[in-house]
Amino acid sequence: MPTTQPSPTGSSGQELELTVKRIADPGEGIREIALVPADGGKLPAYDAGAHIRVVLPGGNTNAYSLIDLGSDVENPEEYLLAIRRDDAGAGGSKWMHELAVGDRITARGPQNDFPLDDGEAPALLLAGGIGVTPLVSMAMALARGERDWQMHYAARSAAVAAYADHLTGTHGTRIALHRDDEAGGPLPVADLVAAAAPGTHVYVCGPRPMIDATRQAAEAAGFTPERIHTELFDTPEPEAGDSPFEIEIASTGQVFTVPPGLTIIEVLEENGLDIVYDCQRGDCGICQTAVLEGTPDHRDVVLSEAERAAGDVMQICVSRALSPRLKLDL
Ligand code: FES
């Protein structure tokens, strides 16, 4: 989740003062950072799929998944993060890459928007690029249990496939590695989902096309929504052709214009409304808002095709409008 976002409102966990203990480079352009409590105290427990939000200079935050390579997650001695450097991004990843051993940072969390379900059905893990980080922890959690599971890890090349050696060395044949450059194309997620055993839960973390393809395949194969688990690793970008639209606040009658380049949440906050949200990537569902009138332009990865078609709810952190005005139940 390496996206730069304003500090979220609500559900962001406790504030942590941390010191960089160790730095490594597990893949080309990827920096691994181990963090320990700055005051020598204890770190909160976490479970697979959880993240912390690192506070950047200026107050924005970046969310990074906590990586469990086989530690005691109930009493963690350190938090391990992996950050892919994104030179085209807002600068958060570059700042993270410049941290040195001994540097002190502030973070919030841990929080988990991408937890493993607590059933016994098989689990299919699909990782794309640096989206592997929460799934490394899920693989470790699954390996501690009795449940059947399989993981497919796609990366552009071996050079950028962080943690591939750890995964295959720890979990053996449960891990299948896919190199886009050697395979001549992306991981065939639709085939993998279609071949999954009945009742399987699918967990996918990676770029948006991978998540969309997985969701579509899972819905086509009859997966119920609670068996489809997604986490996005892309930064939402304005799309070419975005145009302004109006939002009407049902409770007050206020009308605001959302220009291209700003989200509904950003416009609401600029106008003094207090909105609860977290990921700001359209994949946690916390900002979901009922639409009373108008047609949303859905850009999230939360809603099913049926929910998109119904158009009566939307994720206001990323989605926009196909109609000139949306009336929102706020
Ligand atoms: S804040 Fe997560 S979906 Fe909008």
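**View 1. Confidence along the predicted chain.** In this predicted model the protein chain has a mean pLDDT of 90, and 93% of its residues reach 70 or more, where pLDDT is the predictor's confidence in each residue, from 0 to 100. Because this is a predicted model, local features need pLDDT of at least 70 and side-chain atom pairs count only at pLDDT 80 or more, whereas totals for chains, interfaces and linings use all residues. Residues are numbered from 1 along each chain as its sequence is written, and side-chain values use heavy atoms, with hydrogens and water left out. Confidence is lowest in strand S1 (residues 4-5), at a mean of 40, and highest in strand S9 (residues 149-155), at 98; helices (H or I, at least four residues) and strands (E, at least two) are DSSP runs, numbered from the N terminus. Over residues 1-11 pLDDT stays under 50. Where pLDDT is low, the predicted coordinates should not be read in detail.

**View 2. The three domains.** The chain is divided into domain 1 (15-111), domain 2 (123-232) and domain 3 (245-328), with bounds that come from an automatic or database domain assignment. Between the C-alpha centres of domain 1 and domain 3 there is a separation of 31 Å.

**View 3. The largest nonpolar core.** A nonpolar core is a set of buried Ala, Val, Leu, Ile, Met, Phe, Trp, Tyr and Cys residues joined through side-chain atoms within 4.5 Å, and buried means under 20% relative accessible area, exposed over 50%, and partly exposed in between (1.4 Å probe, protein chains only). The largest such core has 31 residues, and among those touching the most other members are Leu 125, Trp 149 and Leu 167. Helix H2 (132-143) is one of the elements that give two or more residues to this core, and H2 gives the most, with six residues. At least three residues are drawn from each of domain 1 and domain 2.

**View 4. Trp 149 and His 171.** Leaving aside neighbours within four places in sequence, Trp 149 is in contact with residues including Ala 123, Leu 142, His 171 and Ile 175, a contact being heavy atoms within 4.5 Å. His 171 has its place in helix H3 (residues 164-171) and counts as buried because its relative accessibility is 9%. Beyond four places in sequence, His 171 touches Ala 139, Met 140, Ala 143 and Trp 149.

**View 5. Strand S19 and its partners.** Strand S13 (residues 245-249) runs parallel to S19 and is joined to it by four bridges, with Glu 248 opposite Lys 327. Strand S15 (residues 288-293) pairs with S19 in the antiparallel sense over two bridges, and Val 291 stands opposite Leu 328; two strands pair if DSSP finds at least two bridges between them.

**View 6. The surroundings of Val 258.** Val 258, found in strand S14 (residues 255-258), is buried, with a relative accessible area of 0%. Its C-alpha atom and that of Pro 244, 14 residues apart along the chain, are separated by 5.4 Å. Among the residues that Val 258 touches, not counting those up to four places away in sequence, are Phe 245, Ile 264 and Arg 320.
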